Amino acid sequence: MSEALQSLLDLLDLERIEEDIYRGRSRSAVVPRVFGGQVAAQAMVAAGRTVPGDRHAHSLHAYFLRPGDPGAPIVYNVDRLRDGRSFTTRRVVAVQHGKPVFTLSASFQTYEEGLDHQAPMPPAPDPATLPTGEDRLRGYPHLPADTVERILETRAAVDLRHVDDPPFGDFGTPREPHSQVWFRTNGKLGDDPLLHVVLATYVSDMTLLDSVLLAHGRGGWAVGDVVGASLDHAMWFHRPFRADEWLLYDQQSPSASGGRGLGQARIHTRDGRLAVSVVQEGVVRVPRER
């Protein structure tokens with residue numbers, strides 16, 4: 001296991017303060033606020049620790065209410081909404097400085113046999129044929145060195161490989177609002193299914209709005225031609241998967257309007273199983289000229 005992955009796992013290992021109350025810490029991100037994927041992942045950890053081990057996460061729905069302060073701890077309050085025969089529901093409120101910054105509802109289910117079908121996996125090149133994230137980032141001379149280092153630092157726990165140039169690598173001309181990345185953790189994980197759900201939740205917030213930027217030829221936050229933030233985030237976990245094995249994150253944007261952009265995605269395992277569906281809306285604004 002890489003040092004960066006162990007550091008991320010330590011970050012996600014919350015401190016129990018009291019029954020159903022947990023405390024997490026943060027670290028700096030590319031932008032001067034807490035990375036949304038971190039808050040969502042920590043909230044899933046808090047919810048999962050109140051759920052019996054035979055019930056696995058099948059969905060989450062979250063709202064980002066305020067920018068998180070990376071210099072202050074985050075307290076996660078878990079509300080046990082329901083414990084049914086098949087389903088368990090939890091609500092988590094993340095609090096900083098006395099105010100909620102994030103809310104999450106998550107549902108867990110016991111295993112059941114049932115109807116089974118899925119959308120086919122889209123074509124994508126083998127991840128082994130793609131440049132690593134570091135090689136690709138260092139190949140963009142227009143990116144400031146400190147920006148490259150900050151992006152690499154925030155993604156060090158994950159081997160994330162873009163199929164095509166990301167928005168900050170090739171911008172200025174609109175492209176199809178569709179992007180693909182392969183990802184896996186930089187090291188093996190344990191077998192707890194919740195851990196793999198939590199890591200996929202963490203990574204899912206890294207690139208989902210890229211397709212919005214591609215549609216308008218914008219480079220994004222790394223080059224400063226838009227400002228934005230995640231507004232809400234939803235995930236459905238369809239089939240078991242491992243976050244330490246290659247996963248294809250296929251993303252597209254059907255709409256942008258009113259200063260908001262919508263991203264939709266599917267995560268497939270390398271052998272073609274549809275593992276996760278993801279939807280996110282975010283603020284995407286062009287900076288006003290002074």
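## An exposed loop residue

His-117 is exposed, with a relative accessible area of 72%, and this residue of the predicted model is placed in the loop that runs between strand β6 and helix α3, the latter covering residues 133-137. Although His-117 and Thr-132 are separated by 15 residues in sequence, their C-alpha atoms stand 33 Å apart in space.

## Two nonpolar cores

The largest nonpolar core is made up of 58 residues, and the ones with the most contacts inside it are Met-44, Tyr-76, Phe-102 and Leu-104. Apart from this core lies another one, of eight residues, which include Leu-143, Ile-151, Leu-152 and Ala-222.

The surroundings of Tyr-76 can be followed residue by residue. When its neighbours within four places in sequence are left aside, Tyr-76 is in contact with Leu-14, Asp-20, Ile-21, Tyr-22, Gly-24, Val-39, Gln-42, Ala-43, Ala-46, Val-92, Val-93 and Ala-94.

Thr-103 belongs to strand β6, which spans residues 99-110. Its relative accessibility is 16%, and because buried means under 20%, Thr-103 counts as buried. Not counting residues up to four places away in sequence, Thr-103 touches His-61, Ala-62, Tyr-63, Leu-65, Arg-91, Val-92 and Val-93.

Asp-159 sits in strand β7, formed by residues 158-162, and with a relative accessibility of 10% it also counts as buried. The side chain of Asp-159 makes a polar contact, at 3.0 Å, with the side chain of Arg-161. Beyond the residues up to four places away in sequence, Asp-159 touches Trp-182, Phe-183, Arg-184, Asn-186 and Trp-246.

## Helix α5 and its cap

Helix α5, which covers residues 193-207, is mostly covered, as 13 of its 15 residues are buried. The N-terminal end of α5 is capped by Asp-192, whose side chain places an oxygen 3.1 Å from the backbone nitrogen of Leu-194.

## The largest pocket

Rolling a probe the size of a water molecule over the atoms shows where empty space is left. The largest pocket in this model has a volume of about 1,000 Å³, and 32 residues line it, of which His-56, Phe-237, His-238, Arg-239 and Pro-240 lie nearest its centre.

Several elements take part in the lining of the largest pocket, with at least two residues supplied by each of β3 (55-64), β6, α5 and β9 (227-237). Sorted by class, the lining consists of 14 nonpolar, 10 polar and eight charged residues.

## Positive phi angles in two loops

Asp-20, one of the residues in contact with Tyr-76, has a positive phi of about 70 degrees although it is not a glycine. Asp-20 lies in the loop that connects β1 (15-18) and β2 (21-24), and this residue is buried, with a relative accessible area of 13%.

His-97 likewise has a positive phi, near 50 degrees, in a residue other than glycine, and it is found in the loop between β5 (87-96) and β6. Whereas Asp-20 is buried, His-97 is exposed, with a relative accessible area of 61%.

Methods. Residues numbered from 1 in each chain as written. Predicted model: local features only at pLDDT ≥ 70, side-chain atom pairs only at ≥ 80, totals over all residues. Heavy atoms only, no water. Core = buried A, V, L, I, M, F, W, Y, C linked by side-chain atoms within 4.5 Å. Buried < 20%, exposed > 50% of the residue type's maximum accessible area, 1.4 Å probe, protein only. Contact = heavy atoms within 4.5 Å. Helix = DSSP H or I, 4+ residues; strand = E, 2+ residues; numbered from the N terminus. Polar contact = N/O pair within 3.5 Å; in protein donor to acceptor, adjacent residues only side chain to side chain. 1 Å grid on protein atoms, 1.4 Å probe; cavity = no way out; pocket = protein on both sides within 12 Å on 5 of 7 lines; lining within 4 Å. Points joined across faces, edges and corners; volume = space filled by probe spheres on them. Nonpolar A, V, L, I, M, F, W, Y, C, P; charged D, E, K, R; others polar.
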